[in-house]
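User: I would like to learn how to read a few features of a protein model. Please take me through them one at a time.

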Amino acid sequence: MYYTFKFVKFGFCAGATVSTFVLGVRHERRKRRCEQENLAATPALPMGPKVSAATAIVPYEGGSVAPLPPPDVPPEPVPGISRTAEIMRFGFPSLDTVRSHSDYVLSYDRRNRVPNWVFEHLTKESIEKVEGVERSNCDFKEDTSIHEFHRSKNSDYKYSGYDRGHMAPAGNHRRNQAMCNETFYLSNMAPQVGKGFNRDKWEHLERYARKMTKLYKNVYICTGPLYLPRKEEDGKMYVKYEVIGANHVSVPTHFFKVIVGETDTHSLEMEAYVLPNQEIPDETPLVNFQVPVDTIERAAGLLFFDRLARDKISRINGKKTTWF
């Protein structure tokens, strides 16, 4: 009798445990299904390795959303869309500490206290000088959107022997004074040799990029610093660069500028330049500094115009990429 009762008691407990487990599993499945349905009904930005402000989102059956497959050549953003979407039409080179300003976008390097890259979109109309907009009215200033631990300051450049070199030059952003002022954030600067570089050959390249708007409907420019290795006497390769000021602002060894021009017929051409951060003889032609774009991508750890299929670019550094 005792054993029978014990067996019955044990069977009852086992049955109750199994029933509880089954009910628990059903509850969890029901809960997970509800969460998935709620998530599916919530619009969200497309996820994946390529993120762009210009990525379109369309509804499809089930109430959820999905990004359109990227075309070979992303279309121009519709009128009225954000300026960031217009500038970053062909994708972000990286996504580290991105800041969007009125007329340019940058990624900031918190360790080196200079930009990783700065992106601009120029047209013939956008670079027209407006009366009353003057560079002389601008002041170099700290970017308070950057944590104070990682900012550069005017005092870092004082007596350093280097210019505060614009990555997005003021001459590209003259539609109003506020736009021009924003180019003077120190987050848009990197230490550059003055005579023979920032005030000369580098400025020539900036001026050349503006002139491209006479040939192209849209001109997209990505600019930034590089820290390139050099072989020393012991035969080994080293990356060496100076730092300036109390905040140890890094002095790049080189600077790059990658430009894509789009014609009225949507033909695309690319040019890529790397200039050493040193005095360059004025008679040296800019074409001497053209390099394959992938050499910059490898050195900088960036991917330029990654939403644009490279085989859709008809010319790179003046040379045809297709024969048909």
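Analyst: This is a predicted model: local features need pLDDT of at least 70, side-chain atom pairs count only at pLDDT 80 or more, and totals for chains, interfaces and linings use all residues. Residues are numbered from 1 along each chain as its sequence is written, and side-chain values use heavy atoms, with hydrogens and water left out.

User: How many disulfides are there?

Analyst: A disulfide is a covalent bond between the sulfur atoms of two cysteines. The test here is a pair of cysteine sulfur atoms within 2.5 Å. The count is 0. For Cys138, the nearest cysteine sulfur belongs to Cys180, 3.6 Å away.

User: Is Cys138 buried or exposed?

Analyst: Buried means under 20% relative accessible area, exposed over 50%, partly exposed in between (1.4 Å probe, protein chains only). Cys138 has 9% relative accessibility, so Cys138 is buried. Cys222 is buried too, at 0%.

User: Where is Val239?

Analyst: Val239 sits in the loop between strand S10 (237-238) and strand S11 (243-244). Strands (E, at least two residues) and helices (H or I, at least four) are DSSP runs, numbered from the N terminus. Val239 is partly exposed because its relative accessibility is 45%.

User: In which sense do S14 and S15 pair?

Analyst: Two strands pair if DSSP finds at least two bridges between them. Strand S14 (residues 268-276) and strand S15 (residues 313-316) are parallel, with 3 bridges. Met270 lies opposite Ile316 of S15.

User: What is the bridge partner of Ile316 in S16?

Analyst: Lys319. S15 and strand S16 (residues 319-320) run antiparallel, joined by 2 bridges. The two strands form a hairpin with 2 residues between them, and Asn317 in the turn has a positive phi of about 55°.
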